[in-house]
Amino acid sequence: MNVRQFAEQDLAAVLAIQSACPEAAQWREEDYTRLARDSAGILLTAEPEAVVYATSATGQEGQVLGGNGASILGFAAFYLVADEAELRNLAVAREHRRRGVGRALLDEAHGRMLRAGVKRVYLEVRASNNPAIGLYASMGYSILSTRVKYYRDPPEDACIWSLDL
């Protein structure tokens, strides 16, 4: 898997993943493009490793697949302020969950944030989102507090987590 900076051609795939994940924040197109252009934003996508194959019948050098936005597995969006960052959105395509995509996105983001001088990362997650909570806990995040009835549709508490990098 390859984790890289978001590119404009990824937008349709990111929006499709988001719309299929009701637990993800439902952003508009311009929210992603604004974050991608903001120097304080980190917007990453995960895609399968590029596959290179040769056509033996013609003897041609081969073709590279991947990197065109059509094969995005998941994405993560962060915003940095001074020496802190907030995970604002993360989603993985349903068919690629529990395969390390979310972990790879977080690992890459953590590395980039460390290089940018970030010391602590915050996030909020629905109290019922057990797969996400399991991922965050396994990566060393710890719960700080709960915001009662923070979410709407349906009403639900938000758990605030943080990680010291």
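User: Glad to start. What makes Tyr32 count as buried or exposed?

Analyst: Tyr32 has 0% relative accessibility. Buried means under 20% relative accessible area, exposed over 50%, and partly exposed in between, with a 1.4 Å probe and protein chains only. Tyr32 therefore counts as buried. One note before we go on: this is a predicted model, where local features need pLDDT of at least 70, side-chain atom pairs count only at pLDDT 80 or more, and totals for chains, interfaces and linings use all residues. Residues are numbered from 1 along each chain as its sequence is written, and side-chain values use heavy atoms, with hydrogens and water left out.

User: Thanks! Why is the pair of Tyr32 and Phe75 called edge-to-face?

Analyst: A pair of aromatic rings is described by the distance of the centres and the angle of the planes. Rings of Phe, Tyr and Trp (its six-membered ring) pair if their centres lie within 6.5 Å; planes under 30 degrees apart count as stacked, over 60 as edge-to-face and the rest as tilted. For Tyr32 and Phe75 the centres are 5.6 Å apart and the planes stand at 90°, so the pair is edge-to-face. This pair links distant parts of the chain, with Tyr32 in helix 2 (residues 29-37) and Phe75 in strand 5, 43 residues apart. Helices (H or I, at least four residues) and strands (E, at least two) are DSSP runs, numbered from the N terminus. The structure holds four aromatic pairs, and Trp27, Tyr32 and Phe75 form one aromatic cluster.

User: How do you know whether Phe75 is buried or exposed?

Analyst: The relative accessible area of Phe75 is 0%, so Phe75 is buried.

User: What about Thr33 and Ala25: why does each get its label?

Analyst: Thr33, found in helix 2, has a relative accessible area of 18% and is therefore buried. Ala25, in the loop between helix 1 and helix 2, has 28%, so Ala25 is partly exposed. The side chain of Thr33 also reaches the backbone oxygen of Glu30 at 3.2 Å. Leaving aside neighbours within four places in sequence, Ala25 is in contact (heavy atoms within 4.5 Å) with Gln18, Tyr32, Arg88 and Asn89.

User: What covers the buried residues of helix 2?

Analyst: Asp31, Tyr32, Thr33 and Leu35 are buried in helix 2, and their cover includes helix 1 (11-19), strand 2, strand 5 and strand 6.

User: What makes a group of residues a nonpolar core, and which members of the largest one touch the most others?

Analyst: A nonpolar core is a set of buried Ala, Val, Leu, Ile, Met, Phe, Trp, Tyr and Cys residues joined through side-chain atoms within 4.5 Å. In the largest, of 30 residues, Phe78, Leu106, Met113, Val125, Tyr136, Tyr141 and Trp161 touch the most other members. Helix 3 gives the most to this core, with five residues. A second, separate core of 16 residues includes Ile17, Cys21, Tyr32 and Phe75.

User: Last one: how do you know that the charged end of Arg147 sits over the ring of Tyr150?

Analyst: A charge sits over a ring if NZ of Lys or CZ of Arg is within 6 Å of the ring centre and within 35 degrees of the ring normal. The charged end of Arg147 is 5.4 Å from the centre of the Tyr150 ring and is listed as sitting over that ring.

Terms used: Polar contact = N/O pair within 3.5 Å; in protein donor to acceptor, adjacent residues only side chain to side chain.
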